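I want to look up some charged pairs, a helix and a strand.

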Amino acid sequence: MMSDSKRLHPIVSILTAGKRVRNILPFFITILIAGGRESKLSLLISLGISLVIFILTLLTGILSWLRFTYRFEENELRIEYGVFVRKKRYIPLERIQSINYTEGLIQQMFGLVKVRIETAGGENEDEAVFSAITKEEAQLIQEYVSTAKQESRIIKTVEEDQKVFSMSTSELLILSLTSGGVGVVISAVFALFSQLDDWIPYKKIFGGLEEWALKNIMAIMVVVFIGFFLAWVISLFITMLKYANFTVVRTEGDFIISYGLIEKKQMTIPLRRIQAIRIKENILRQMIGYATVYIVSAGSGSAENQEETKVILLPIIRIKDIAPLLQESLPDYQLEPILISPPKRALHRYIFRTWYVIVPIVLASILFLKAWGALSLVLFAVGTIWAILKYKDAGWCLEGKQLSLRYRTIIRTTVLMQKNRIQSLKMRENYFQQKRELGTIEAFVKSGSGDSWAAVVDLEKGDIQKIYQWYSRKRPKETAG
């Protein structure tokens, strides 16, 4: 097997140069501001330096595109790149685990696709990224890999009889309405304004508004409400654009996941690399019986590939439909575990752990804010209810070769792990747990971004020992204090 050396699409040279110019833009601005403060001559010198740097940046972007070539030879993908230092990377085709595609706006305009090739081992240097190639060339890469692996057929991405899940418009709307994206939007707005602090004199602009604000509390509340509503609408549209056309296809050994409207993505998740399944329910979704299903995959540890290590398999689905939908594709997993709850004597520990944080806040509020501080009692009540929810949601289950753990932080999470995928199991008990014959169990599985974990606190000590014996067989018990 051999092919001629090929380059990426010429648009890559423009994109690379543009990205590098963007990265050094703050440097340009600093030079111009510093030069303009001295004299016209220094300003001209600064402009000249900036122009030279700008031209060199453009040239290196073009040269990096020219110097990047790839070809197939002797069942290897051979890549050569580097502007000043020539580098070579040879990737055996049989080691390639998955080929993932992304179509951003630029790629869609030119009929191109971004391809990321993930290899066995998950090391950063073994991953190849082609920023922009034609769809025909991407399919040819897939064919080369399939041929090298002696697969009986080339993987196709759209076959109706293999579809596992296709998100409907109503499900997409439910997903968007119950997402937590509004917090991301608000955080982004605050981050933007914090970066403008040096250029906008907030104190001068808003300093005189304090007295007005005290007299117009209702108007401010209306403005804040409108702001939150707009942020919610923006997050709604962002979620809908991101997850539109979400489809899961099951091939002989992979899940192929496609989604996105503006930026189209396709990911291939080998079934043999699945380390655990996470089922997450935020409060709104739990109330209406919906959840999101994640796969923890032993993917590459590279920064660009974090999305494939904890990938969303089912963005929104009814809890009762998870098992019927996935049982055939994941026969080793018990998707409806019957969980055993912590003992009743553990309830007060869940409540007290919350009170340790809330009670000082409530007391300080009442002490310093007087009557207004009494409103903090609402926080006390909410915290107590939340602690009871955490207790009621906690649980564990052993069934065959599977350990299931459930816990709640803000979101209720159920983690399903096969015994042969668990990297380590840890038992912990502090002084207060020892007195109550309670303990904490933590389980870790391997993912490309490091260890993924699940932990349940204040379980019956005998139950924890049962889990440990199931995992360790005849190995001696280790207890971490």
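I started with Glu 73 and Arg 78, which form a salt bridge with their closest N and O atoms 3.4 Å apart. For my notes, a salt bridge is a side-chain nitrogen of Lys or Arg within 4 Å of a carboxyl oxygen of Asp or Glu. Side chains of opposite charge can pair when their charged atoms come close.

Before going on, I jotted down that this is a predicted model, where local features need pLDDT of at least 70 and side-chain atom pairs count only at pLDDT 80 or more, while totals for chains, interfaces and linings use all residues. Residues are numbered from 1 along each chain as its sequence is written, and side-chain values use heavy atoms, with hydrogens and water left out.

Are Glu 73 and Arg 78 buried or exposed? I got 15% relative accessibility for Glu 73 and 10% for Arg 78, so both count as buried (under 20% relative accessible area; exposed is over 50%, partly exposed in between, with a 1.4 Å probe and protein chains only).

Next I looked up Glu 118 and Arg 273, whose side chains meet in a salt bridge at 2.8 Å, N to O. Glu 118 sits in strand β5 and Arg 273 in the loop between β10 and β11, 155 residues apart. Helices (H or I, at least four residues) and strands (E, at least two) are DSSP runs, numbered from the N terminus. Glu 118 is buried at 4%, and Arg 273 is buried at 9%.

Arg 345 lies in the loop between α11 and α12 and Glu 460 in strand β19, so the pair ties together parts 115 residues apart in sequence. Arg 345 is partly exposed at 29%, and so is Glu 460 at 24%.

The whole structure holds 17 salt bridges.

On to strand β11 (residues 274-281): I found 7 of its 8 residues buried. It runs antiparallel to β12, joined by 6 bridges, and Arg 278 stands opposite Tyr 294 there. Another 6 bridges join β11 to β16, also antiparallel, with Glu 281 partnered by Arg 412. Two strands pair if DSSP finds at least two bridges between them.

Last, I checked helix α2 (residues 40-67): its 28 residues should span 40 Å, and its end C-alpha atoms are 40 Å apart, which agrees. The expected span is 1.5 Å times one less than the number of residues. Among its buried residues I listed Gly 61 and Trp 65.
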